Amino acid sequence: MGISSRKRKADEDGDEMSVSPMNSPAAQSRQLARPTKKIRSINDVFGRPLSLSRLLETLDASQLREVLNAVCNHHPSIGHEIATNTPRPSAESALRVLEDYQKKFRDALPYGHSTSDYTYHRVRQQLVALFEAITDFVPQFLPPIESQNNVSLHFLDGATKIIHNLPTWDSQNYRHHKDGAYDDLARAWALVIHEAAKRGGGFTLHTGGWEQIIMNHHQQSGGRLAAAVDALNAGVSWMGGRPPSPGRGGTGGPSDPNSILSQIVSGNFGSPVRVGP
């Protein structure tokens, strides 16, 4: 092989190497690339407190509420800002809070609990906390704060059921909590019924079956919701009279064919009245 042939061979080999992927400019640039984000080093090991964001991650809901309450108590302006920007609770969320208080009360009851004075003193703290929560939440769901009657009625229904499930103590001295709660709820029911009766002629009460629900609550409370029943009687009287009394039949409710509501639902309201033979 001549010198010219060997030179041509070397040139060809050089060309192949120049186009090799390993020798390409793109490959060289990739090999030289370094990560731009640097992981924070912990070489300087020493104790230091957590940042606020990390600290808050360690708190559960109860602890967070305690911290928030403490801050608001020390700085009323912050408390006002939080109260102004916090959305209003829904009826479901408020009832869940009351059910949590109810659970704490049940958990505090001694084994084989009764309605004795001993049992009352064992659970008095949890019982008072439940009643105070109900007292605070009820006005939140009354007019004019709550403008939707269905929401008000739904909350009062759930709150009244909770009161039903509380024991009636043997001593009259300890029954004032439950009796007072019934009185407050009766007035709340009456207010909502009065407002519902002014809107659409009380159709919310009829279409939602609230007449019977309220009468059942009145019966289960031992007649403690008289104010609600009176408001109900006054609110639906124009539609056919008094609602049915608990435990027995009656007229004036949605099933009464002579009531105005039944005539409207059946399409007979306002029909021409036949006169003469």
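**Figure 1. The side chains of His164 and His217 are joined by a polar contact of 3.0 Å.** In this predicted model, His164 is found in helix H8, which spans residues 149-164. His164 counts as buried, because its relative accessibility is 12% and the cut-off for a buried residue is under 20%.

**Figure 2. Leu50, Leu52, Leu55, Leu56 and Leu64 make a nonpolar surface patch of about 470 Å².** Helix H3, which covers residues 52-57, gives the largest share of this nonpolar patch, with three residues. One of the patch residues, Leu52, has its place in helix H3 and counts as exposed, because its relative accessibility is 60% and exposed residues are those over 50%.

**Figure 3. The chain as a whole has 13 helices and zero strands.** Read from the N terminus on, the elements run α-α-α-α-α-α-α-α-α-α-α-α-α. The chain has 277 residues, of which 31% count as buried, and its accessible surface comes to about 18,600 Å², with 55% of that area belonging to carbon and sulfur atoms. Among the contacts in the chain with a separation of 6 or more, 61% are accounted for by residues 24 or more positions apart.

Definitions and conventions. Residues are numbered from 1 along each chain as its sequence is written. This is a predicted model: local features need pLDDT of at least 70, side-chain atom pairs count only at pLDDT 80 or more; totals for chains, interfaces and linings use all residues. Side-chain values use heavy atoms; hydrogens and water are left out. Helices (H or I, at least four residues) and strands (E, at least two) are DSSP runs, numbered from the N terminus. Buried means under 20% relative accessible area, exposed over 50%, partly exposed in between (1.4 Å probe, protein chains only). A polar contact is a pair of N or O atoms within 3.5 Å; within protein, one must be able to donate a hydrogen and the other to accept it, and residues adjacent in sequence count only if both atoms are side-chain atoms. Patches are made of residues with over 30% relative accessible area and no salt bridge: like charges are joined within 9 Å, nonpolar side chains (Val, Leu, Ile, Met, Phe, Trp, Tyr) within 5 Å. Accessible areas come from the Shrake-Rupley method with a 1.4 Å probe; for residues, only the protein chains shown count as cover. A salt bridge is a side-chain nitrogen of Lys or Arg within 4 Å of a carboxyl oxygen of Asp or Glu. Contact means heavy atoms within 4.5 Å.
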